[in-house]
Amino acid sequence: MCDLVLLGKKIKIERIKNDLSQEKLAEKVGVSTRTISLIECGLQHPKFFLVVKIANILNFDINILLNNKL
């Protein structure tokens, strides 16, 4: 199981690499900006389908995203 804080950090790093704001990522994923913020801070546990959707939008391998290493 992936640590929520680490998962959030990975998403944030990849979001920034993709030159997306939290607002733009939220829009593409179909959630609120607050949801993206909470996920990136490790304060919200996203459902698996949401993690898959985020990984696809960021063109990032979900296996790496869910790995417990940064």
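This is a predicted model: local features need pLDDT of at least 70, side-chain atom pairs count only at pLDDT 80 or more; totals for chains, interfaces and linings use all residues.
User: How are H2 and H3 oriented to each other, roughly parallel or roughly perpendicular?
Analyst: Their axes come within 8 Å and cross at roughly 110°. Angles of 65 to 115 degrees count as roughly perpendicular. H2 and H3 are therefore roughly perpendicular.

User: Which residues of H3 make the contact with H2?
Analyst: By class, the contact has three nonpolar, three polar and two charged residues. H2 brings Gln-22, Glu-23, Leu-25 and Ala-26. H3 brings Thr-33, Ile-36, Ser-37 and Glu-40.

User: Which residue forms a salt bridge with Glu-14?
Analyst: The structure holds two salt bridges. In one of them, the closest N and O atoms are 3.3 Å apart, and the partner of Glu-14 is Lys-17.

User: Is Lys-17 buried or exposed?
Analyst: Glu-14 and Lys-17 lie three residues apart in helix H1, about one helical turn. Glu-14 is buried, at 10% relative accessible area. Lys-17 has 62%, and over 50% counts as exposed. So Lys-17 is exposed.

User: How many residues apart are Arg-15 and Glu-40?
Analyst: Their side chains meet in a salt bridge, at 2.5 Å from N to O. The pair links distant parts of the chain, with Arg-15 in helix H1 and Glu-40 in helix H3. Both are buried.

Key:
Residues are numbered from 1 along each chain as its sequence is written. Side-chain values use heavy atoms; hydrogens and water are left out. Axes are lines fitted to C-alpha atoms, for helices over the stretch in contact, and angles run from 0 to 180 degrees between N-to-C directions. Helices (H or I, at least four residues) and strands (E, at least two) are DSSP runs, numbered from the N terminus. Angles under 35 degrees count as roughly parallel, over 145 as roughly antiparallel, 65 to 115 as roughly perpendicular and the rest as oblique. Contact means heavy atoms within 4.5 Å. Ala, Val, Leu, Ile, Met, Phe, Trp, Tyr, Cys and Pro count as nonpolar, Asp, Glu, Lys and Arg as charged, and the others, Gly among them, as polar. A salt bridge is a side-chain nitrogen of Lys or Arg within 4 Å of a carboxyl oxygen of Asp or Glu. Buried means under 20% relative accessible area, exposed over 50%, partly exposed in between (1.4 Å probe, protein chains only).
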